[in-house]
Amino acid sequence: MKRAAVLIVLLLAGSLWAYVARIRPAREVDATVRGTGSIEATTVLISAKLPARIVALPVEEGAAVEAGQLLAQLDCAELEVRRAQAEAQLAQAQAARVQALA
């Protein structure tokens, strides 16, 4: 009799485990957080519009900054050379235009 009771308990425990672990469909977890309030950004990725070397970083990593504050100073030598070349090309094109119209 004792043996039959143990067997029935084991059979019920196994059936319960099979139902919970295998048969019952798993519930989907909703990972959406809903609420009202404000969000504060703690990390922001930045990038320059033009490639250049960084010559100074006046702000330390993790420091709070304000809008318009200088975050990095770039080496402008290469950009100044490009600008001078573009201005020379513009002047040459304008001179060619004036000569063509004369």
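**Salt bridges, surface and pocket**

Reply: A search of the whole structure finds 2 salt bridges, a salt bridge being a side-chain nitrogen of Lys or Arg within 4 Å of a carboxyl oxygen of Asp or Glu. This is a predicted model, in which local features need pLDDT of at least 70 and side-chain atom pairs count only at pLDDT 80 or more, while totals for chains, interfaces and linings use all residues. Residues are numbered from 1 along each chain as its sequence is written, and side-chain values use heavy atoms, with hydrogens and water left out.

Me: Is Arg83 buried or exposed?

Reply: Buried means under 20% relative accessible area, exposed over 50%, and partly exposed in between (1.4 Å probe, protein chains only). Arg83 is exposed, because its relative accessible area is 58%. Glu78 counts as partly exposed because its value is 47%. Arg82, at 40%, is partly exposed, and so is Glu87, at 45%.

Me: How far is Glu78 from Arg53 in sequence and in space?

Reply: Glu78 and Arg53 are 25 residues apart in sequence, and their C-alpha atoms are 9.5 Å apart in space.

Me: How many helices and strands does the protein have?

Reply: Helices (H or I, at least four residues) and strands (E, at least two) are DSSP runs, numbered from the N terminus. The protein has 2 helices and 2 strands, in the order α-β-β-α from the N terminus on.

Me: What does the surface of the protein look like in numbers?

Reply: Accessible areas come from the Shrake-Rupley method with a 1.4 Å probe, and for residues only the protein chains shown count as cover. The protein exposes about 10,500 Å², and carbon and sulfur atoms supply 59% of it. Of its 102 residues, 1% count as buried.

Me: Which residues form a nonpolar patch on the surface?

Reply: Patches are made of residues with over 30% relative accessible area and no salt bridge; like charges are joined within 9 Å, nonpolar side chains (Val, Leu, Ile, Met, Phe, Trp, Tyr) within 5 Å. Leu16, Tyr19 and Val20 form such a nonpolar patch, with about 300 Å² of accessible area together. Tyr19 is found in helix H1 (residues 2-23) and is partly exposed, at 43%.

Me: Which residues lie nearest the centre of the largest pocket?

Reply: Rolling a probe the size of a water molecule over the atoms shows where empty space is left. On a 1 Å grid over the protein atoms alone, a pocket is an open set of points where a 1.4 Å probe fits, with protein on both sides within 12 Å along at least five of seven lines; lining residues have an atom within 4 Å of a point. The largest pocket is lined by 24 residues, and Val44, Ile46, Val59, Val65 and Leu71 lie nearest its centre.
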